[in-house]
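The entries below are grouped by topic.

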Amino acid sequence: MNVILLGAPGAGKGTQAAKMVQTFGLPHISTGDIFRKAVADGTPLGLEAKRYMDAGDLVPDEVTIGIVKERLAQPDCAEGFILDGFPRTVPQADALNAALTSMGTALDAVILVDVPREALVERLTARRQCRACGKIYNVMGDMPADAAVCDECGGEVYQRADDTVETVTNRLDVYDRNTMPLVEYYRERGLLKAVDGARDVDAVFEDVAAVVRGGQRG
Ligand code: AP5
Ligand code: MG
Ligand code: ZN
């Protein structure tokens, strides 16, 4: 199953992807996570990406597309993958189509996790994340026993640099401008499956899992 999780910042793409990994064992490819790791490691990619991420702007398409193509060529993607946060622009979506075609495969579904904008600022400013394993928390009711220490791995739980009110507002504007057109793009291609993301995590996952089960190749 080759699936994209599409949705605004804070819609719950990472949260749903983690549950999909557990249930379906598909590799989770988050361009945001790849960039954050590069920033933490201080690589040239990280230095370039950081400028854009801290402002809530998009990393240039040519950089992002190259990284995803490399990742999709890894052997663990042969049986399927979950793309989270990619594509985010029409050129990225076109490049993904071309890459998959040249690999002899195609997308099975694009799951839109749909959440009204009002809810997103609150979710994002309340988010905390484990620096080591990436586990996602939220101060509104889903925190580890010790707020600074990850339950899963003992790593440091921190707040992402781009989860400030100011940066979140720009990220949401960038989503509306650059990424929203992909909803129509994939609807026209018959791939879009919209899921109501404004419910609790497990209720959302029931719908997400139903799409994956429905689209699995026999
Ligand atoms: P990225 O890391 O992808 O961030 P994003 O798209 O802004 O999405 P988020 O990770 O913020 O939200 P999410 O949907 O994963 O929500 P989550 O599950 O964490 O990208 C960061 C930056 O990298 C970009 O700004 C850009 O600079 C760059 N970048 C990345 N990809 C790029 C690309 N393709 N092209 C160019 N640049 C790129 O949940 C959020 C919070 O809500 C959590 O606290 C969670 O606990 C809570 N929550 C989740 N689900 C629910 C629920 N159902 N009910 C209540 N709370 C919930
Ligand atoms: Mg995420
Ligand atoms: Zn952890």
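In this predicted model, a nitrogen atom of ligand 1 lies 3.1 Å from a polar backbone atom of valine 59. Taken alone, ligand 1 exposes 1,000 Å², and the protein buries 93% of that. The shell around the ligand comes first below, followed by individual residues.

**Ligand 1: polar atom pairs**

- A polar backbone atom of glycine 12 is 3.0 Å from an oxygen atom of ligand 1.
- A side chain also takes part: an N or O atom in the side chain of arginine 123 is 3.2 Å from a nitrogen atom of ligand 1.

**Ligand 1: the surrounding shell**

- Ligand 1 is surrounded by 34 residues.
- The closest of these residues are Thr15, Asp57, Arg88, Arg127 and Arg171.
- Sorted by class, the shell around ligand 1 consists of twelve nonpolar, eleven polar and eleven charged residues.
- At least two residues of the shell come from each of helix H1 (13-24), H2, helix H6 (117-126) and strand E6 (136-138).
- H2 gives the largest share of the shell, with four residues.

**Threonine 31**

- Threonine 31 is placed in helix H2, which spans residues 31-41.
- The relative accessible area of threonine 31 is 3%, so this residue is buried, the cut-off being under 20%.
- Not counting residues up to four places away in sequence, threonine 31 touches Thr64, Val68, Asp84, Gly85, Phe86 and Arg88.

- In general, most peptide bonds are trans.
- Proline 87 sits in the loop that runs between strand E3 (81-84) and helix H5 (90-102).

**Lysine 19**

- Lysine 19 is part of helix H1, one of the elements that supply at least two residues of the shell around ligand 1.
- Leaving aside neighbours within four places in sequence, lysine 19 contacts Val201, Asp202 and Phe205.
- With aspartate 202, the contact includes a polar one between the two side chains, at 3.0 Å.
- Lysine 19 and proline 60 are 41 residues apart along the chain, and their C-alpha atoms are separated by 29 Å.

**Glutamate 166**

- Glutamate 166 belongs to helix H7, residues 165-179.
- The relative accessibility of glutamate 166 is 68%, and this residue therefore counts as exposed, for which the value must be over 50%.
- Between glutamate 166 and isoleucine 65 the C-alpha distance is 27 Å, with 101 residues separating them in sequence.

- The structure has zero disulfides.
- Cysteine 77 counts as buried because its relative accessibility, 5%, is under 20%.
- Cysteine 150 also counts as buried, at 4% relative accessibility.

Technical notes
Residues are numbered from 1 along each chain as its sequence is written. Chains are lettered from A and ligands numbered from 1 in the order in which they are written. This is a predicted model: local features need pLDDT of at least 70, side-chain atom pairs count only at pLDDT 80 or more; totals for chains, interfaces and linings use all residues. Side-chain values use heavy atoms; hydrogens and water are left out. Buried means under 20% relative accessible area, exposed over 50%, partly exposed in between (1.4 Å probe, protein chains only). Contact means heavy atoms within 4.5 Å. A residue is near a molecule or strand if one of its heavy atoms lies within 4 Å of it. A polar contact is a pair of N or O atoms within 3.5 Å; within protein, one must be able to donate a hydrogen and the other to accept it, and residues adjacent in sequence count only if both atoms are side-chain atoms. Accessible areas come from the Shrake-Rupley method with a 1.4 Å probe; for residues, only the protein chains shown count as cover. Ala, Val, Leu, Ile, Met, Phe, Trp, Tyr, Cys and Pro count as nonpolar, Asp, Glu, Lys and Arg as charged, and the others, Gly among them, as polar. A disulfide is a pair of cysteine sulfur atoms within 2.5 Å.
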